Amino acid sequence: MSTEPAITYWVLPAPADEARLQVIIDALTQTQKAPRFPPHMTLGTLAQPVIDLSSVLKHLPAFSMTPSDICETECFTKALFLRFEAKPRLRAARAAFEALPGFIKGRAFDPHLSLCYGTPPIGAGSSAAIEALRDRPVRFNRLAAVQVTRPVISHDQVRAWNVLDVLELSAA
């Protein structure tokens, strides 16, 4: 399967939420012997970086969302994840993102935060620590541009991710 370079834009949790989520991600990646990655929610992917994100950012102030579910799939990048219900402003930001030049259409927008890539450790999805993530909202307050190759199908690709820039989102 061939891969192509791209720039993926992530919405990042605020530092306190990032820290509590990173503990869970680190424990899972250590068990999997997989690379560490920062907690994030993918907004979308472009063929090249964009200088002007104002059309997206006007719909994307800092926001909080409570996970609606903990899910597992066979997809490498959605193996074990927190699903969030898309709020209208997040859907509007995604629609503006899709209108940017070089938008790469992929699977349908499904706001989620992956806890691990690849097969999760047995029983991980029902652990008390992961179940507890449902009970607390996650505040998102930054947008990151990340150089990737896609499709993401291996831990080696995750290791090679390179954060190019991080923008603070305005206060809601």
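Me: Let's start with T29. Is it buried or exposed?
Reply: T29 counts as buried, because its relative accessibility is 4% and the cut-off for buried is under 20%. Keep in mind that this is a predicted model.

Me: Where is the place of T29?
Reply: T29 sits in helix α1.

Me: And what is T29 in contact with, leaving aside its neighbours within four places in sequence?
Reply: With those neighbours set aside, T29 is in contact with A34, P35, R36 and F37.

Me: How about D17, buried or exposed?
Reply: D17 counts as buried too, as its relative accessibility is 10%. D17 is also found in helix α1. Not counting residues up to four places away in sequence, D17 touches P137, V138 and R139.

Me: OK, which strands does helix α1 lie across?
Reply: Helix α1, residues 15-32, lies across β5 and β6. The helix runs at about 40 degrees to β6.

Me: What's the order of the strands in that open sheet?
Reply: The order is β4-β5-β6, an open sheet of 3 strands with antiparallel pairing. β4 (69-72) and β6 stand at the edges with a single partner strand each, so one side of each has no neighbour in the sheet. The twist from one strand to the next averages 30 degrees.

Me: How many bridges join β4 to β5?
Reply: There are 4 bridges joining β4 to β5. Another 4 bridges join β5, residues 80-83, to β6.

Me: Why is β6 largely enclosed by the rest of the structure?
Reply: Because 5 of the 5 residues in β6 (residues 112-116) are buried.

Me: Switching topic: which residues touch the most other members of the largest nonpolar core?
Reply: Y9, V11, L60, L115 and W161 do, in a core of 52 residues. At least two core residues come from each of β1 (4-13), α1, β2 (41-46), β3 (63-65), β5, α3 (88-98), β6 and β7 (138-150). β7 gives the most, with 7 residues. As a general point, nonpolar side chains in soluble globular proteins tend to be buried together.

Me: What does W161 touch, not counting residues up to four places away in sequence?
Reply: W161 touches W10, F37, H40, Y117, V146, Q147, V148 and V152. W161 also belongs to a cluster linked by ring pairs, along with W10, F37, F76 and Y117.

Me: How many aromatic pairs does a search of the whole structure find?
Reply: The search finds 8 aromatic pairs. One of them is F84 with F140, an edge-to-face pair at 5.8 Å centre to centre, with 85 degrees between the planes.

Me: Which parts does that F84 and F140 pair tie together?
Reply: F84 lies in the loop between β5 and α3 while F140 is in strand β7, so the pair ties together parts that are 56 residues apart in sequence. Both F84 and F140 are buried.

Me: And what kind of aromatic pair do F97 and F103 form?
Reply: F97 and F103 form an edge-to-face pair, with 6.1 Å centre to centre and 85 degrees between the planes.

Me: Are F97 and F103 buried or exposed?
Reply: Both F97 and F103 are buried.

Methods
Residues numbered from 1 in each chain as written. Predicted model: local features only at pLDDT ≥ 70, side-chain atom pairs only at ≥ 80, totals over all residues. Heavy atoms only, no water. Buried < 20%, exposed > 50% of the residue type's maximum accessible area, 1.4 Å probe, protein only. Pairing = 2+ DSSP bridges. Axes fitted to C-alpha atoms, helices over the stretch in contact; angles between N-to-C directions. Contact = heavy atoms within 4.5 Å. Core = buried A, V, L, I, M, F, W, Y, C linked by side-chain atoms within 4.5 Å. Phe/Tyr/Trp six-rings, centres within 6.5 Å; stacked < 30°, edge-to-face > 60°.
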